[in-house]
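Let's walk through this structure together, one contact at a time. Have the sequence and the 3D view ready, and follow along as we go.

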Amino acid sequence: MDLSFLQVLERERVLEVLHRDKHLRKIEEDRIRKMKGDLQDLRRKGAKSYARQYGERTCARCQRPLGKFWNTGAVCRGCSHRICTRC
């Protein structure tokens, strides 16, 4: 990028903005990479299927037991199974 037509102060400001943009893009790429990894982990763990039998009070993802009063799990809107707080 040719910035020679700008004054020194203007050039510094433009370069500052470009560096900040580069930094923010890297942060965003790292965040997206982490989210993709988390999604792959969830897919790898699998989920409950209707073909197999499971305990009623277990997490649909990791099969950990769920409590009756604490850590009861949240109901998934998509499949209506209970999922623990870790998943």
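Start with Asp30, which forms a salt bridge with Lys26, their closest N and O atoms being 3.4 Å apart. A salt bridge here is a side-chain nitrogen of Lys or Arg within 4 Å of a carboxyl oxygen of Asp or Glu. Both Asp30 and Lys26 sit in helix α1, four residues apart, about one turn of the helix. Helices are DSSP runs of H or I with at least four residues, numbered from the N terminus. Asp30 has 31% relative accessibility, so Asp30 counts as partly exposed. That label covers the range between buried (under 20% relative accessible area) and exposed (over 50%), using a 1.4 Å probe and protein chains only.

Before going further, please keep in mind that this is a predicted model: local features need pLDDT of at least 70, side-chain atom pairs count only at pLDDT 80 or more, and totals for chains, interfaces and linings use all residues. Residues are numbered from 1 along each chain as its sequence is written, and side-chain values use heavy atoms, with hydrogens and water left out.

Now look at Glu28 and Arg31, whose side chains meet in a salt bridge of 2.6 Å, N to O. These two residues are also in helix α1, three residues apart, about one turn of the helix. Glu28 is partly exposed with a relative accessible area of 34%, and Arg31 is partly exposed too, at 43%. Salt bridges that share partners join Lys26, Asp30 and Arg33 into one network, which brings us back to the pair we began with.

Next, find Arg13 and Glu16. They form a salt bridge, with the closest N and O atoms 3.5 Å apart. Because Arg13 and Glu16 are three residues apart in helix α1, about one helical turn separates them. Both are partly exposed: Arg13 has 46% relative accessibility, and Glu16 has a relative accessible area of 41%. How many salt bridges does a search of the whole structure find? The search finds six.

Finally, turn to a nonpolar residue, Leu15, which lies in helix α1 (residues 8-45). With 38% relative accessibility, Leu15 counts as partly exposed. Together with Met1 and Leu18, Leu15 makes a nonpolar surface patch of about 330 Å². Such patches are made of residues with over 30% relative accessible area and no salt bridge; like charges are joined within 9 Å, and nonpolar side chains (Val, Leu, Ile, Met, Phe, Trp, Tyr) within 5 Å. The accessible areas come from the Shrake-Rupley method with a 1.4 Å probe, and for residues only the protein chains shown count as cover.
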